[in-house]
Amino acid sequence: MSSPRILITRLSHIGDCILTLPLVNAIRKQHPDAFIAWAVETPTHQLLKNHSSVDHIIQIPKSWMGRPSTWANLRRELRCENFDIVLDPQGLTKSAMLGWLCGAPRRIGIKGRWGRELSPWLNNTLVETLSDHVVDRSLELLSKMEIKSPQVEFSLPTLAESDKKIDQWLSNHKLNTFAVINPGASWPSKRWENDRFGTVASHLFQKHNLRTVISWAGAEEKKMAQEIFRLNDRGSVFALPTTLNEYASLISRANFFVGCDTGPMHIATAVGTPCVGLYGTTRAQDSGAYGPQNIAVQKWYQSGSCKKRRSAENDAMRDIMASDVNAACDKMIKSLAKFQAA
């Protein structure tokens, strides 16, 4: 099939959707004339709607599974597209159900550990994925489309209007070189202490004369960022409020990113900015910043079911000391200097 009509059902979490971009890019490379649509919830659609490998975004209402009245409308919208193939890298009932509703004859999903809930029954072509990292696991689904050894490419675009706004803001603050610190994370168990982020910002300024931009999104993260900024107002800059596209522009201009396992870290990876990532209830080899240019800091893995890890205390994160992250930042700066000199 030279120009198949393909639907991707990766619905939620900014980071997980970013980590699915290599799947879409690999399909586009193999099938340049394919029609590729992506079913996704807000706000991630902001980042995907300008991606060159995605032809059409289908916005799915949050919590739609709990509102059967929306099922008929979604079924009608999806069936109008006459999809040939669905790929379900999320492996949940809600993602597989959309593929089933659209009526595509081939619905490629996951079996085994990562094919969860009802997805193995709703999908009809299953792959038992063997890789650790979610990027590589997603790419394994392409074996059922005869796409062999695909390259990992994110190719996340930034928008001209976002670039212009961010460049003006950086110029106003005289920021030519800087690191980004982002304290947020969707799970409280993934978060690190604000005062330790402040210590890292002070270390970068005092040892390397490198200022940090403290980024945030939403009221809760704004308070966290303000606390970090107050601890080191000479060496830090409190970030402006940004859309996701503006955040991608900001972080693409940073020397490197420091933060927890969260969407902004994966945006950094997707725009080519290396990361110093902190991990406790997740592991870098499973869902961390992808690629050898990144540095992972983890003392131990706080294991358990997804539900258990989500609601856990952040014991593993608290065992990471500021000195551990300072050392990782020193290593990153040394690595970047070698790269620039080469």
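Helix H4 (residues 71–79) packs against H5 at an angle of about 60°, and their axes are 8 Å apart. This is a predicted model, in which local features need pLDDT of at least 70, side-chain atom pairs count only at pLDDT 80 or more, and totals for chains, interfaces and linings use all residues. Residues are numbered from 1 along each chain as its sequence is written, and side-chain values use heavy atoms, with hydrogens and water left out.

- Helices (H or I, at least four residues) and strands (E, at least two) are DSSP runs, numbered from the N terminus.
- The axes are lines fitted to C-alpha atoms, for helices over the stretch in contact, and angles run from 0 to 180 degrees between N-to-C directions.
- H4 and H5 are therefore oblique to each other; angles under 35 degrees count as roughly parallel, over 145 as roughly antiparallel, 65 to 115 as roughly perpendicular and the rest as oblique.
- On the H4 side, the contact (heavy atoms within 4.5 Å) is made by Trp-71, Leu-74, Arg-75, Leu-78 and Arg-79, and on the H5 side by Met-97, Leu-98, Trp-100, Leu-101 and Cys-102.
- These contact residues of H4 and H5 divide into eight nonpolar, no polar and two charged (Ala, Val, Leu, Ile, Met, Phe, Trp, Tyr, Cys and Pro count as nonpolar, Asp, Glu, Lys and Arg as charged, and the others, Gly among them, as polar).

**Ser-95 in H5**

- Ser-95 lies in helix H5, which covers residues 93–102.
- Ser-95 counts as buried because its relative accessibility is 0% (buried means under 20% relative accessible area, exposed over 50%, partly exposed in between, with a 1.4 Å probe and protein chains only).
- Leaving aside neighbours within four places in sequence, Ser-95 is in contact with Thr-9, Leu-11, Asp-88 and Gln-90.

**Helices H8 and H11**

- H8 and H11 pack at an angle of about 55°, with their axes 8 Å apart, and they are therefore oblique to each other.
- H8 passes H11 in a right-handed crossing.
- H8 brings Ser-162, Asp-163, Lys-165, Ile-166, Trp-169 and Leu-170 to the contact, while H11 brings Asn-245, Glu-246, Ser-249 and Leu-250.
- The residues where H8 meets H11 divide into four nonpolar, three polar and three charged.
- H11 (residues 244–252) is mostly covered, with eight of its nine residues buried.

**Nonpolar cores**

- A nonpolar core is a set of buried Ala, Val, Leu, Ile, Met, Phe, Trp, Tyr and Cys residues joined through side-chain atoms within 4.5 Å.
- The largest nonpolar core has 86 residues, and Ile-27, Trp-38, Leu-87, Trp-192, Phe-256, Val-276 and Val-325 touch the most other members.
- Helix H16 (residues 322–341) gives this core its largest share, six residues.
- Apart from this core lies another, of 18 residues, among them Leu-11, Trp-64, Leu-74 and Leu-78.

**Two residues with positive phi**

- Glu-117 has a phi near 55°, a positive value in a residue other than glycine, and is placed in the loop between strand S5 (106–111) and helix H6 (119–122).
- Glu-117 is exposed, with a relative accessible area of 53%.
- Ser-149, also not a glycine, has a positive phi of about 45°, and its place is in the loop between helix H7 (134–140) and helix H8 (160–172).
- Ser-149 is exposed, with a relative accessible area of 71%.

Notes:
A crossing is left-handed if the near helix is turned anticlockwise from the far one by less than a right angle, and right-handed if clockwise.
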